Amino acid sequence: LQIEKEEGLRKTLQIEKEEGLRKTLQIEKEEAAKRIRLLRAELAGANEGIDELRADIQKGIEERTALNTMLAQANVAMQSKIDEVVHERKAMDKRCQMLEATVLDERALRRGLVIEATDATKTKDQQQVEL
């Protein structure tokens, strides 16, 4: 009887011990599940942040590309204007040279006419003196 009592007591203790372990494991399992849920929520938040950063980076790349395009277009326009001004300047220089040459020719022609007129006047005066 004593042995049966001890045996029953051991079984009861063993059952209580196992039940305690089961409860402890159940509690740990529930806590682990809570931690997993929290970690998943944090991961989802981090993924949203990463997606926002990627969108910002993409927007920045697109803006930089647009600015580079605008800069290239402005450079082309400026170079075109520079070429136009250089061409106009060369044309003006050429025209000035032609005008200067014309003025020099006109001055030479006037000098020649003045000389002719002076010579004619001298010749006329000499002819009158001779008469």
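Helices (H or I, at least four residues) and strands (E, at least two) are DSSP runs, numbered from the N terminus. The exercises below concern a predicted model, in which local features need pLDDT of at least 70, side-chain atom pairs count only at pLDDT 80 or more, and totals for chains, interfaces and linings use all residues. Residues are numbered from 1 along each chain as its sequence is written, and side-chain values use heavy atoms, with hydrogens and water left out.

**Exercise 1. Overall form**

Determine how many helices and strands the protein chain has, and set its radius of gyration against that of a compact globule.

Solution.
- Step 1: The protein chain contains one helix and zero strands.
- Step 2: The radius of gyration is taken over C-alpha atoms, and the globule rule is 2.2 Å times the number of residues to the power 0.38.
- Step 3: For 131 residues a compact globule would have a value near 14 Å, whereas the protein chain has 55 Å.
- Step 4: The C-alpha trace spans about 190 × 15 × 10 Å along the principal axes of the protein chain.
- Step 5: As a check on one segment, Thr69 and Gln97 lie 28 residues apart in sequence, and their C-alpha atoms are 42 Å apart in space.

**Exercise 2. Surface and burial**

State what share of the residues is buried, and classify Thr69 and Leu53 by accessibility.

Solution.
- Step 1: Buried means under 20% relative accessible area, exposed over 50%, and partly exposed in between (1.4 Å probe, protein chains only).
- Step 2: Of the 131 residues in the protein chain, buried residues make up 0%.
- Step 3: Thr69 is located in helix H1 and counts as partly exposed because its relative accessibility is 39%.
- Step 4: Leu53 also belongs to helix H1 (residues 2-130); its relative accessibility is 53%, so Leu53 counts as exposed.
- Step 5: Accessible areas come from the Shrake-Rupley method with a 1.4 Å probe, and for residues only the protein chains shown count as cover. The accessible surface of the protein chain comes to about 12600 Å², with 59% belonging to carbon and sulfur atoms.
- Step 6: Patches are made of residues with over 30% relative accessible area and no salt bridge; like charges are joined within 9 Å, and nonpolar side chains (Val, Leu, Ile, Met, Phe, Trp, Tyr) within 5 Å. Leu53, Ile57 and Ile61 form such a nonpolar patch on the surface, with about 290 Å² of accessible area together.

**Exercise 3. Salt bridges**

Find the partners of Arg10 and the partner of Glu18, and explain the sequence spacing of Arg10 and Glu6.

Solution.
- Step 1: A salt bridge is a side-chain nitrogen of Lys or Arg within 4 Å of a carboxyl oxygen of Asp or Glu. The whole structure holds six salt bridges.
- Step 2: Arg10 meets Glu6 in a salt bridge at 4.0 Å, N to O. Because they are four residues apart in helix H1, Arg10 and Glu6 are separated by about one helical turn.
- Step 3: Arg10 also pairs with Glu7, the closest N and O atoms being 3.6 Å apart. Here the spacing is three residues in helix H1, again about one helical turn.
- Step 4: Glu18 forms a salt bridge with Arg22, with the closest N and O atoms 3.8 Å apart. Both residues lie in helix H1, four residues apart, about one turn of the helix.
- Step 5: Salt bridges that share partners join Glu6, Glu7 and Arg10 into one network.
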